[in-house]
Each structure stands twice: as structure tokens, then as C-alpha cells.
Amino acid sequence: IQTMKNVKTIVFDKTGTITKGKPEVTDIYTKLKESYLLDIAASLERLSEHPIAKAIVNHTQLKRYREVKKFTIIRGRGIEGTIGTKKIIIGNRTLMKEKEIALNSYENKIKEFESQGKTTMIVAENKKIIGVIAVADAIKEDSISALEQLHKEGYRTVMITGDNELTARAIAQQAGIREIIANVLPEDKAKIVEELQKSGFVAFVGAVTV
């Protein structure tokens with residue numbers, strides 16, 4: 001409490017702090033049948049506890065799911081598993097790059113969703129993209145007014161998120177936050193805060209894995 005008067009930088013975790021923490025599916029894009037894409041995606045996502053996974057499962061509302069084998073969570077990037085003879089990978093750009101999966105004709109649609117502040121989950125089957133699912137997490141009503149007040153009082157505000165830079169900048173602009181640190185894995189948030197502390201006292205608002 002005694003050192004709070006020395007705080008000049010306030011770092012906000014995006015999910016559940018700037019946003020409501022209740023993401024919902026907003027857009028689906030595929031060149032195959034939409035029902036097939038959602039069937040594949042929900043069958044894997046139901047095995048994950050991530051809020052985005054739950055959003056996809058809730059949107060799809062399947063009565064039966066396909067059997068998934070070799071399910072793996074790739075922390076901060078996505079998930080993978082096998083359905084029948086097909087290797088399914090669902091995740092962000094970083095994961096697709098790691099797995100050497102080209103975005104090809106889906107690139108423009110992915111950028112469109114990202115520029116709207118939506119988290120885009122890319123679905124690949126046997127190393128070929130079959131669709132993208134965009135998920136949005138609404139900004140809290142009081143986030144904008146709170147940030148405006150902090151800026152008036154001279155605080156530096158920073159948003160930290162696992163989203164890529166394009167998505168993060170769109171959300172920050174909507175909320176009125178001035179700086180972003182994107183593409184951050186959950187376990188790296190504490191390290192980022194420690195780095196910022198080298199320039200002075202820092203307050204962190206949100207959940208951080210230590």
C-alpha cells in the first residue's frame with residue numbers, strides 16, 4: 001500500500017480484465033460444409049478447458065462427438081488430435097507456422113477477423129487448412145471509462161495478451177488502452193511484468209502464472 005503512490009505503469013491481462021472473459025463464436029469460414037468443420041472442431045475442443053474451446057462447443061451443440069485419439073494441448077497455441085486416420089490441428093498462426101501449414105487462400109479472411117479484434121482459430125486436417133472459426137470476447141462496459149480516468153491521472157497503461165498483434169491492437173483501440181504486448185504465453189506474463197519493473201513500479205491487474 002505504501003508503494004502504490006509510486007506506481008506509474010498499470011498492466012492489464014486482457015481476458016476477464018479488459019474483456020468479460022466469456023468469448024462467443026462470431027464467424028465461421030470454410031470452403032467445405034460448415035457442419036463438417038464444426039463437427040471436427042467441437043469433437044476436439046470438448047476435450048479442452050480453455051474458454052475459447054468452450055465457446056466453440058457451446059455454439060455447435062452437437063449431440064454426438066467423433067472419437068478423438070492422441071489428444072494434446074499445445075499451451076498458448078492450440079490443440080491437436082487424430083480422428084480416424086486424419087490428424088487434426090486447431091490453433092493460432094504461431095501453431096500453424098510451427099507445423100509448417102500454409103494459410104494460402106484463407107489468409108485474407110483470417111486478417112479480416114483479426115483486424116476486428118477477434119481471436120481466429122485455424123482448423124487444419126492432414127496439414128491442410130479446412131476452415132477458420134472467429135471468436136470474440138466483449139469488452140467490459142466499465143473498462144473504457146476506467147482507462148480514461150487512469151490516463152487523465154497520468155498512468156501508463158499496457159495490455160498483455162496471448163493474441164497476435166493485429167487482434168490485440170484492435171481490442172486495445174476499442175478499449176482505449178495505449179500499449180500492447182502480444183503473443184505472450186501464460187507462463188511468460190510474470191517475466192514480462194518483471195521486465196517492465198526495471199523502469200519503475202508496476203501494478204498488474206489480472207491473472208498471472210508464476
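## Charges and rings around Tyr 29 and Tyr 106

Lys 109 lies over the face of Tyr 29, at 5.1 Å from the ring centre. The charged end of Lys 31 sits over the ring of Tyr 106, 5.2 Å from its centre. The criterion is NZ of Lys or CZ of Arg within 6 Å of the ring centre and within 35 degrees of the ring normal.

This is a predicted model: local features need pLDDT of at least 70, side-chain atom pairs count only at pLDDT 80 or more, and totals for chains, interfaces and linings use all residues. Residues are numbered from 1 along each chain as its sequence is written, and side-chain values use heavy atoms, with hydrogens and water left out.

## The aromatic pair

The count comes to 1 aromatic pair. Tyr 29 and Tyr 106 form it, edge-to-face, 5.5 Å centre to centre with 75° between the planes. Tyr 29 lies in strand β2 and Tyr 106 in the loop between α4 and α5, so the pair ties together parts 77 residues apart in sequence. Rings of Phe, Tyr and Trp (its six-membered ring) pair if their centres lie within 6.5 Å; planes under 30 degrees apart are stacked, over 60 edge-to-face, the rest tilted.

Tyr 29 is partly exposed at 26% relative accessibility. Tyr 106 is buried at 5%. Buried means under 20% relative accessible area, exposed over 50%, partly exposed in between (1.4 Å probe, protein chains only).

## Helix α5

Helix α5 spans residues 107–115, and its buried residues are Ile 110, Phe 113 and Glu 114. They cover an arc of only 100° around the axis, which puts them on the same side of α5. The arc is taken from the directions from the helix axis to the C-beta atoms. Their cover includes β2 (24–29), α4 (93–98), β6 (119–125), β7 (128–136) and α7 (165–175). Just after α5, Gly 117 takes a positive phi of about 80°.

Helices (H or I, at least four residues) and strands (E, at least two) are DSSP runs, numbered from the N terminus.

## The sheet

6 strands form an open antiparallel sheet in the order β2-β7-β6-β5-β4-β3. β2 and β3 (69–74) stand at the edges, each with a single partner strand, so one side of each lacks a neighbour in the sheet. Strand β5 (residues 86–91) and β6 pair over 4 bridges; pairing needs at least two DSSP bridges. Ile 88 stands opposite Glu 125 in β6.

## Asp 163

Asp 163 sits in the loop between β8 (156–160) and α7. Asp 163 is buried, with a relative accessible area of 10%. Beyond its neighbours within four places in sequence, its contacts (heavy atoms within 4.5 Å) include Lys 14, Thr 119 and Asn 183.
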